[in-house]
Structure formats: C-alpha cells, structure tokens
Number of protein chains: 4
Amino acid sequence: MSDKLRIGIIGGGRIGRVHAINLNRVAGVDVRILADPFANADLEAFCQEQNIPSVTKDYKEILADSEIDAVLICSPTDTHASITREAAKAGKHIFCEKPLDPEPDVIRETLEVVREAGVVFQIGFNRRFDHNFRGIRQVVDQGKVGDVHVVKITSRDPEPPNPEYVAVSGGLFMDMAIHDFDMARYLAGSEVERVHAAGAVLVDPAIGEAGDIDTAVVTLWFANGALGVIDNSRKAAYGYDQRAEVFGSAGAASSENDGASTVRISGADGVVAEKPLYFFLERYAESFAQEMREFAEAVRTGTAAPCGPNDALQSVLIARAAKESLQTGRPVAVERA
Amino acid sequence: MSDKLRIGIIGGGRIGRVHAINLNRVAGVDVRILADPFANADLEAFCQEQNIPSVTKDYKEILADSEIDAVLICSPTDTHASITREAAKAGKHIFCEKPLDPEPDVIRETLEVVREAGVVFQIGFNRRFDHNFRGIRQVVDQGKVGDVHVVKITSRDPEPPNPEYVAVSGGLFMDMAIHDFDMARYLAGSEVERVHAAGAVLVDPAIGEAGDIDTAVVTLWFANGALGVIDNSRKAAYGYDQRAEVFGSAGAASSENDGASTVRISGADGVVAEKPLYFFLERYAESFAQEMREFAEAVRTGTAAPCGPNDALQSVLIARAAKESLQTGRPVAVERA
Amino acid sequence: MSDKLRIGIIGGGRIGRVHAINLNRVAGVDVRILADPFANADLEAFCQEQNIPSVTKDYKEILADSEIDAVLICSPTDTHASITREAAKAGKHIFCEKPLDPEPDVIRETLEVVREAGVVFQIGFNRRFDHNFRGIRQVVDQGKVGDVHVVKITSRDPEPPNPEYVAVSGGLFMDMAIHDFDMARYLAGSEVERVHAAGAVLVDPAIGEAGDIDTAVVTLWFANGALGVIDNSRKAAYGYDQRAEVFGSAGAASSENDGASTVRISGADGVVAEKPLYFFLERYAESFAQEMREFAEAVRTGTAAPCGPNDALQSVLIARAAKESLQTGRPVAVERA
Amino acid sequence: MSDKLRIGIIGGGRIGRVHAINLNRVAGVDVRILADPFANADLEAFCQEQNIPSVTKDYKEILADSEIDAVLICSPTDTHASITREAAKAGKHIFCEKPLDPEPDVIRETLEVVREAGVVFQIGFNRRFDHNFRGIRQVVDQGKVGDVHVVKITSRDPEPPNPEYVAVSGGLFMDMAIHDFDMARYLAGSEVERVHAAGAVLVDPAIGEAGDIDTAVVTLWFANGALGVIDNSRKAAYGYDQRAEVFGSAGAASSENDGASTVRISGADGVVAEKPLYFFLERYAESFAQEMREFAEAVRTGTAAPCGPNDALQSVLIARAAKESLQTGRPVAVERA
C-alpha cells in the first residue's frame, strides 16, 4: 500500500456520495475513482467538486486497477454479494452497504470468499458509529449498567416509503428494522436466539396491500439471558425517532433524540423544544463520517473491521425469523450462523 | 345520606392507613370507623391522631351500621370478593383494593351482586389518578396524538419482594404487571384482545425457584388495532421506574419519572439529576389522594366510579393470559369479559 | 406545654387559611382559634371544616388565652411588628409573615422584645422550605460546588399586581424581590454587603406611573467574596418562573421550574412540555406545609427557628439598599444589622 | 472574480488552520495560499494535506497577488488593524478575527479605510453562527418572545488562561466577555447604552496579581429599554458553560449546553448526563464552518457581511465601558460609535 489509502467507490447514488464527501475529510485517504453505470454530467460535476479524478461506468475497471486498495460497494442491494466476491478475489478491502444479501446462504458463501481472500470486510451498519448509541455501549462496557437485563429500541421513520418501494423492499424487518436488530446485538453484547414479532398496518393501507406492515413490536431473547424489545413505525409525525435503552442489574443507560438545537421556547402554550432531526442523512451525518474513518483505520492497520462479517449475517437471520414469526404468530428461533 | 359522607375502612394495614389520612383531607367526608382483626394500641393511636372515633376487630360491625354510607376494602386479597358481596348486600358503596380476586368467575359473580345492589364500585388502580399518566390520557383524548398506534409502558420496582411473598403473590403478572395492564387499557382507550409474554429470571434466582419470573416483556394487541408493549423488572438499581408513552398518527405523548427535586449538579463527572422517587408510596402519594377524592365524588353524586367493575375484571383476564403465554410460549387470546 | 402544641392564627385571609389547612396535617398540633376583625359566616364555615373550634374578631383574645402556645401572624403587614411585640410579651411563640416591617429600626426594636421574651420567632420566607431550593442548598452544604462564586436567581411572576396595590406595596424590591434577597443569602451562606440595582418599566406603564418598576436586574456582593445576580419581572407569559443556580469552584447546582406533570407531547411543531406551575400557591404548596412542620418542631423542641430574627431584618436591609441604588444609579452598601 | 473564490489566509496558528479546514468544505472556494512568518515544515505538511498549494512567510505576497479575492486575517491581535487597512487598500475582501483593535479610534480609522475600499468586511464573532444562539435569535425575530425585556448570558470557560497571558490579554472584558457583549447585542437586536460591571478574583489569585478579574457580573441597558445581564467565570469545573436566554412580553427563548451525546446513566447515585463539550473548538466547531460559508457567500454575492464593521466597534466600546465601570464602581455610558 502506498502512503495514502486509495479508494474506489462503486455506486454514485445518495449514499455513495455521502461516503465520498466524508472520505475526503479523512487524512491519509485518496478517493481515486467512482463507478456508476448511469454516470452522467451531474456525477462528473460532483466528482470534480470532490477532487475525485476518475469516473467510470464499469466498476470492473476499479477492481482491475492494482493501485486501488479498497472499495466501497454502494450499488443496488441485489449486486452487493456478487461484487463483494469479485472485489475480494481482486484483493480489495471491502466496505459494503447493508444488507449484503437477503439470503443467508448467499451471505455465507460470499463471506467465505472474503475470508479466503484475507481482506478487510465491513458492513454498513452506520448507527454503531453514532455518538448516542456508541455512548450507551461504552457505558455498558464500563460495567455501569451491570449485567444486561433488557435492551429497548424505538425506531420510527418520519415518512413511509412509497408503496412501490415497499413491494420490493423485502419488508419492514429486512429493510428498516435490520438496523435495529444489529443495534440490539451491539448494545446487548450478545446474539439473538429467538424472536417474536407483532405487526400492524396503521400508517397507510397501501402498505398492507403491498403485503407489508408499517408498525411492529418485536421481542428478542438473547443468548446471555437478556430480553429485548424493538418498536417500529414507518411514520412519526414529529420526525425521526431513534432512541435506545439498556437496563441492567446496576442501572440503565439511555439516549434521547438529537434536535437541531437546544433552544426551548416558553410561552402560553407550554415549553417547546426542537423536534428530532428529520431523517437519517441529518441524524446520522456524523456516524457516516466516523464509519469511514474507522474503515480506513481498519484497512490501514490490517485489523478487523468494527462491524464485520458476522454482523452482516446475523442481522439478516434475525430479520428472517421476525418475518416468519409475524406470519406464523409464534416465536421463531434464529437460524444458527 | 347525611351532609357528610360517612366511611368505614376495612383493614388497617399500610394502604388502609394511607386512605384514611387522605380521606381526612377530603371536604365533606367523615371516616367514622376502622376495622381490623389485629387492631391494637398502635392502630388505636393512629385512629386517634386521625380523628377516627371508632376501632373494631369485626368488619361486620361496619356493614351493620346504617349510618355508614361507604366502605373501603383494604383487607387481604383473598377476602376482597366475599367482603365486597357482603358490603353490596348491605347497601354500602364500595372502594376495593386490587385485585378483586384472581379468579375471573369469582369476579363475575361478585360484580353481579354489586350490580344488583346498585352501589358504586371502584377498584384501586390508583395510577389512573396520577398526574403524569392522566396527563398522557388527556393529551390522547384531545386528539393530539391522533389514532393510537403503540402504547409503551416501563414499570420497574426498586426492590424485589422476598421469595416467600413471591410464592403466594400470584406471580409477576397478577401481582405487579396488573397495574400496567390496566394502564395500557386506560391509555389506549381500548380493550386488550391478545397477549404475548416473554419472561426471565435475572434479578434473583430465588424468584425463579419460587416458580416466578422477575423480568418480562409483554406484547399486547388492542381491539382498536393498536399494539402495546410493557417491560417489567422487579429491581431497578436507581429506584421506581414508571414511564409511559402513547404513539399515534399525529404524534406522541410520553411521561418521565418524578424526582424529589429538579436540582441538577454539574461537576467533573457529568450533570447529575435526581433519581426517581423511591417507591409507590412516595411516587403515587398524590394519586392515592386523588383516588379518594374521586371515589367520594362518585358516591356523593351517584355517578359511575372512575375505575369500575369492568376494570376490575379485564386486568385479571389479561394477567391470566400473560401467564399462560409465558407457559406455552405462544400468544394467548384474552378471555371475553 | 400540653401534649399537643396549641396554636392561634391571627388573620383569616388567604395565607392564614393555607397555614391552618397545613397545620391540620401536622401531628401533635392543634389549631384552637382563628382571629380576624372581618370574621364572617364564610370564615366560620372554613373553621368548622378544618375543625378549628373558635373564631374571634379580636386577636387579643388569643394572646390572653394561657392555653395557647404559639401564634401565627397573618394579618396586614402594617400590624406585624406591633402584634409580634404583644405576642412576645404574652409569652407566645411566633410565626410571622414577611416582612416584619419595612423600617429597619422598627424591626430591630421588635426583635429585641422577642429576644427578651425568649420565645421562638420564625419569619415567613417559605421558599427556604422548597424541595428545589433546599435541594440546592444541601448540595452546597455537601461541598459539591466547592467555594461559592456566583449565585443566580430568576424570579418572575405570572401576572403583575394591579396598580393600586403597587402604589402601597413598598415597591418591587420590598414586595417581591425580598424573597429573592433572602434566597440569595440562604444559597450563598453569606450576608449581602453591597447591592446594585437596574430597573425598567416594560410590563405595564401604569406601574411606572405608580412610581415603581416591573423589571429588574440586581447585582449582589456577598461577605464571602461571591457575587450574586437576581433578575425579576412582574409578568412572565408562561407562568411563575422560579429558578436558581449556585456556581462554585467545584461545579454548579441549579434547579428548574416545576410543572404539573412530566408529560411531553411530540408533534409536528416540536416537543412540548408543561409550563411552570401557575403561581405561588401551586408552586410553593409543599413548602408552606414544610414551613409549618418545622415551626411546630422548633417550638416543640425549643430550638431556633429555621428562618429567624436575623433573616427578618437582613432581607429588608437589602431591599432598601436596592431601592436606593435604583434611585441613585450607584451601588449601595447594605446597612449593618 | 474567477469561478471560484480564491482565498489567502494570513496566520497559520490554531484558528487559521480551523478556517482553512472549514473553507476546504465550502463549495466554490479555493484556499490558494497561507502566510505565516513562522512557517515551518509542520505548517507545510498541514497545507499539503489540505491541498493549499502555496505557503509564504510574508503576508504582503498575498496582498500583492491579483488572483486573490479575499483574505482571512488570523494573525496576532496587534496586527489586525494595520493588515486590514493594507488588505482593503489592495482591494481584498476581509474576514478578520476579533478584536479588530482594542482602541476605538484605531477601529474607526480602519473601518473608514475599509468603507472607502468598498470591500466586504466581516469580524470573527463566530457564536452568531451557532445553532443554539442563532436559534434563539430566530425565535425572537419570529416575534415569539414579544418585546425583549431581559437578555441573559452565562459564559464560563473550562480553564483559566495562564497569568502571563492574562497580563497581556486586555483583561476579561476585552478578551473573553467581548464575545458575550456581541451576543447580547445580537440577541437583543439593540445597542448597549450603559454598563455596570462587578468583578472578583475567585478562581486564581495570580489572575488578580496580574491586574485582572476572573469572575464578573455585568448589567447592560439597551437602547430599546431592555436590560441585560452577563455572568462570566474563567473556570467551570464541568467544562465550557455557554447558555443564553431572551425573556420578553410574550415568553422566553433559552438554550442549554451541548454535550457529546444525549446518553443518561441512571444509577444508585442519580441520573447522569454528559458534561458540556469541553471548550470552544469542540463547542463551536460547526459555527466556525458556518461562519466561513457565510463569509464566502457575502463575498460571492457582494452583500454585507453577517457580522460587520459596526459589530467590530461596538463590542470593544462595551468592553471598555465595562472595564471603566469595574474600576470606578459606577455604571458607565457606552461611547457613541
């Protein structure tokens, strides 16, 4: 590896661009090329502004370039696994957006290729890099909550996706709650063994017609004996509601939402504070930046990624168990990794 | 009825005394007599201090006294139903501590006697009179959260009961969570149709040996389509944790714990606020007083009690369904009232 | 003294009645008589409801009654000093509403009579008994803020008094801020040596026409070297704003307002919490009760009152210095006690 | 001006580097050169990392370069005025760190040169760009607090400067509180007409020996009739305390400190939240970035800077009046601009 870590980004959509901007602020990193089959003038202007020297329509060009150390896979979900395998075989370190694939066996095979290639593999659960959730985790690690008894997560979006998207999204558990399943494992410091899911269509009947739910309450049983509960909604009128709590034998650690400011207005109708930041790009802006810093660090030092192969698999296994529980009405054991 | 409402209290234990003290502060109410089979000098001193003119060992004396308008039944749980029936037949208005009985059929028969007697019957779910929970309910009634989608309740005790008590308590759901089941119905404005319960023994192995759990996560399905979730623990190191949230189509209303003061100490280790008030006597002191005021008001005006016969039955039905769900590992339908 | 402490109340207005109700809840206390020159059917009904056996138009009847141990002086301010002297000479322990008198020399002479009589004398600065302010003081006493550097008090009323009252009130400093001057001494644990006051008429021009101000910022210099600052307003649109902060070498302790509940409503316009409790009767309800408990305790145990003669004098001296500073535009030394 | 705004930075110390990094993230801006008389390998490495192509020891080189559109003056305070004049005469738009100069007449003459040159001039009161303080200002502008009655600012540093620095700093008012004086004007929307300052040496006797104070309470009279109060300390044990409140006829808007996260730990000793962010580089990181975005925008659009010439002068005039008030013990009128 040269002095600087040379990175190629595969996929120039919203999240690919966010990563590009953030990587530009990481010392010792050079984003050299961005690949997107729909590369156009707009993408070229973006790359120019961000000092990314090359744009290509063919990601294989990146994989073939021996000067590239690592790739970011920000392409559509159904290409994640195959590109990951190709990149691993080409010896590139990999950051891949979640999920790696909806099918556990595809994930397993892909991770086996990664393992054989000996490259760093990081999966894009950015919330692990968030100041609030990581803050809770640190408190747990310091022993301040004692043994973990209950993990609670509230995760609500400000607006539902449109029904067309819902139909192809894989459903609330695979598309939205998968972040919360990973967070539950992260906060509990333990794997999920069993899941019970209750769901309802309360936000938009069109979501139900598309075969999905928009509201859920999920119970988790962890290997360490703790219980977990997640509640999800596709629409919170007040914005993006992202809170967590870990309760244990010595106390509890919890986090509140972030607002745009700490300003409170005291008036005749009460004391009004800011709503939560609108959605994930605002709320998790700093976590995306930190995610890139730690990926670069893992590659540079040759250490394991902070969110790695097992995390890519487990969250999908839990999402599938939740879906089955919703359909059968019973608790479902999470498949062994 | 004379100018003043004349009340007899059956049971001179902790809660009976709390009610006596509070009733003494309600205008237009006269506590005339207190009955307890173990009445002793200590109880007599209490009554003297509270200006309660008579003490007896036999509650039947109260029921036979035509000058008594209403009774408070604060005796042991296994006597609630029979004394309620006797009191109703004697034409006394009734306030009865929860639960009326653990057996639904006994409750049904007792309530039928009450109905025939035409007396006011109030069951002791004091939390409905709490400023925080009632505050949430008022916000819901004002339509500020829109249609209810999710009701969340956190209910944790500061210390577990001793194992001897646990063995005869009827279990966490009947003994402790029954308050939360009533609260869930109150906040949702809807009956619970189905329950799923997960439980664990994490606080004290002796509780498990006594055949009970000390930690629980309960999912509720309401008749109006909403979902609910309750998490319980027998021991929170920081005190009595009593919070609720109602989330709906237009927003959410939530409450925090009450502390002894609003004081915050900013120091080198952080900004420290007060713990929650220690336990129910401190936390719900004002709700117990309000409960008595509203019982007196219902009797005086001949209106329905704010927490009545159906509430006495439903909470027990939900507790039983939760227990069955825990044992079978499946969701259980709540028996019809 | 008999078994019970026998109390007579002089003045049956709002505050006299509040004390009567609270004393009725203090064990070992008997309110025996209430005197008011305007005693009427309404006051008699109040006394009957509160089990106060006698009502009289002449407070001298109370002073002459050898069975009365202590008196509460809740009559108009201009009678406080003379009745205090009479009561002291009659050997009654005294609780007197603030201020004892606006004139320092009258206060000094009166306190000398009290001293000679050897009776307990407590002045009615009820806020010292408030859970929030006392909470701050306890933190200071525990050394958690270290040496006191700055004491800050915000004190705003929800509504201004009417201009007629303003004209005879003695002005904002003597009538309203006097509580804050006492609080500043209480929190700093030190006497005030010098004062600078800035004032403005911003709430209501009629207040200015009556010769008073409605908005003030007062700087205090304490004997222990600390500085203090108080800001006052006669009208806060959101209710009664009562906060304090003590900042020192090791940290800070501060208190927030109390609301009717902890309920927060999250909606499209923000997260709305309760306003402060409306005014002093709601906000300081519990402090008035505690004030009576501690007065009764001081009398019963023959110990010094928790808020005594020096407190009655110092607050008036500070108020006068503040008034002079406002008029002269310069800092003014507080007269020696 | 070319497509991109070409900027030269004068002064490569801490704040110069912060601005360089932030400007690198502003679209349409090119930092072309950095001048520092002590330019060394470390500074060159910094410039290389930030893609700043040139480094020089002589700032005059920047002023002589016709390709440079604007300069940032981040050199020592005693050079601000002279470099500003030179830059203005060279036709460069100017961002200058505060204060422009401690002497009002020097400021006036310098601003006159700027005015004649017709260049944009922005002074570095970065806190105006802070989300919390700007949030308060927006609430005031929206009329939600009505007419402004009182502006309150708390401003405390986490650690005092060393006594050597104190001796040459110009004193607490000119060095530290000058930010608060500007903030008071910004929040009140009005000029300060008169000042009263109280001060004390409570943090470190060495500060007193150096002829300065470390603790202050300042009263302000605004032209619009409002009052203001600022309290300062050179050392808060819990970190950087930066809060403000605007109180008015319709309500109040206030801001709290920012912490590193919203995490709260509930344990046996209370509920612990994060301390404030440590110092200005952490606390105001985003305000420094926004300050650069708005400077670039003002230059690009040829509009007035958001914090301009009058702001540079007024804050110094207030600081001088505060110093005189402290020395004379009397309120002092702020010199006319």
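Biologist: Is the crossing of helix 4 of chain C and helix 5 of chain C left-handed or right-handed?
Modeller: Bear in mind that this is a predicted model: local features need pLDDT of at least 70, side-chain atom pairs count only at pLDDT 80 or more, and totals for chains, interfaces and linings use all residues. Residues are numbered from 1 along each chain as its sequence is written, while chains are lettered from A and ligands numbered from 1 in the order in which they are written. A crossing is left-handed if the near helix is turned anticlockwise from the far one by less than a right angle, and right-handed if clockwise. For helix 4 of chain C and helix 5 of chain C, the crossing is left-handed.

Biologist: How do helix 4 of chain C and helix 5 of chain C lie to each other, roughly parallel or roughly antiparallel?
Modeller: Their axes (lines fitted to C-alpha atoms, for helices over the stretch in contact, with angles from 0 to 180 degrees between N-to-C directions) come within 8 Å and cross at roughly 15°. Angles under 35 degrees count as roughly parallel, over 145 as roughly antiparallel, 65 to 115 as roughly perpendicular and the rest as oblique. Helix 4 of chain C and helix 5 of chain C are therefore roughly parallel.

Biologist: And how does the contact of helix 4 of chain C with helix 5 of chain C divide by class?
Modeller: Helix 4 of chain C brings A81(C), T84(C), R85(C), A88(C) and K89(C), and helix 5 of chain C brings V106(C), T110(C), V113(C), V114(C) and A117(C); contact here means C-beta atoms, placed from the backbone, within 7 Å. Ala, Val, Leu, Ile, Met, Phe, Trp, Tyr, Cys and Pro count as nonpolar, Asp, Glu, Lys and Arg as charged, and the others, Gly among them, as polar. That gives the contact six nonpolar, two polar and two charged.

Biologist: What is the bridge partner of R6(C) in strand 2 of chain C?
Modeller: Strand 1 (residues 5-10) and strand 2 (residues 29-35) of chain C run parallel and are joined by six bridges. R6(C) has as its partner D30(C).

Biologist: Which residue of strand 9 of chain A stands opposite A200(A)?
Modeller: Strand 8 (residues 192-200) of chain A runs antiparallel to strand 9 (residues 215-222) of chain A, with eight bridges. Strand 8 of chain A also has two bridges to strand 15 (residues 332-333) of chain A, again antiparallel, where R194(A) faces A333(A). On the strand 9 side, A200(A) stands opposite T215(A).

Biologist: How do the residues of the side of chain B that touches chain A divide by class?
Modeller: The contact takes 27 residues from chain B and 27 from chain A. Strands 7, 8, 9, 10 and 12 of chain B each supply at least two residues of that side. The division is 14 nonpolar, nine polar and four charged.

Biologist: What stands opposite I265(A) in strand 12 of chain D?
Modeller: Here 24 residues of chain D contact 24 residues of chain A. Strand 13 (residues 264-267) of chain A runs antiparallel to strand 12 of chain D, with three bridges. I265(A) sits across from A253(D).

Terms used:
Pairing = 2+ DSSP bridges. Helix = DSSP H or I, 4+ residues; strand = E, 2+ residues; numbered from the N terminus. Contact = placed C-beta atoms within 7 Å.
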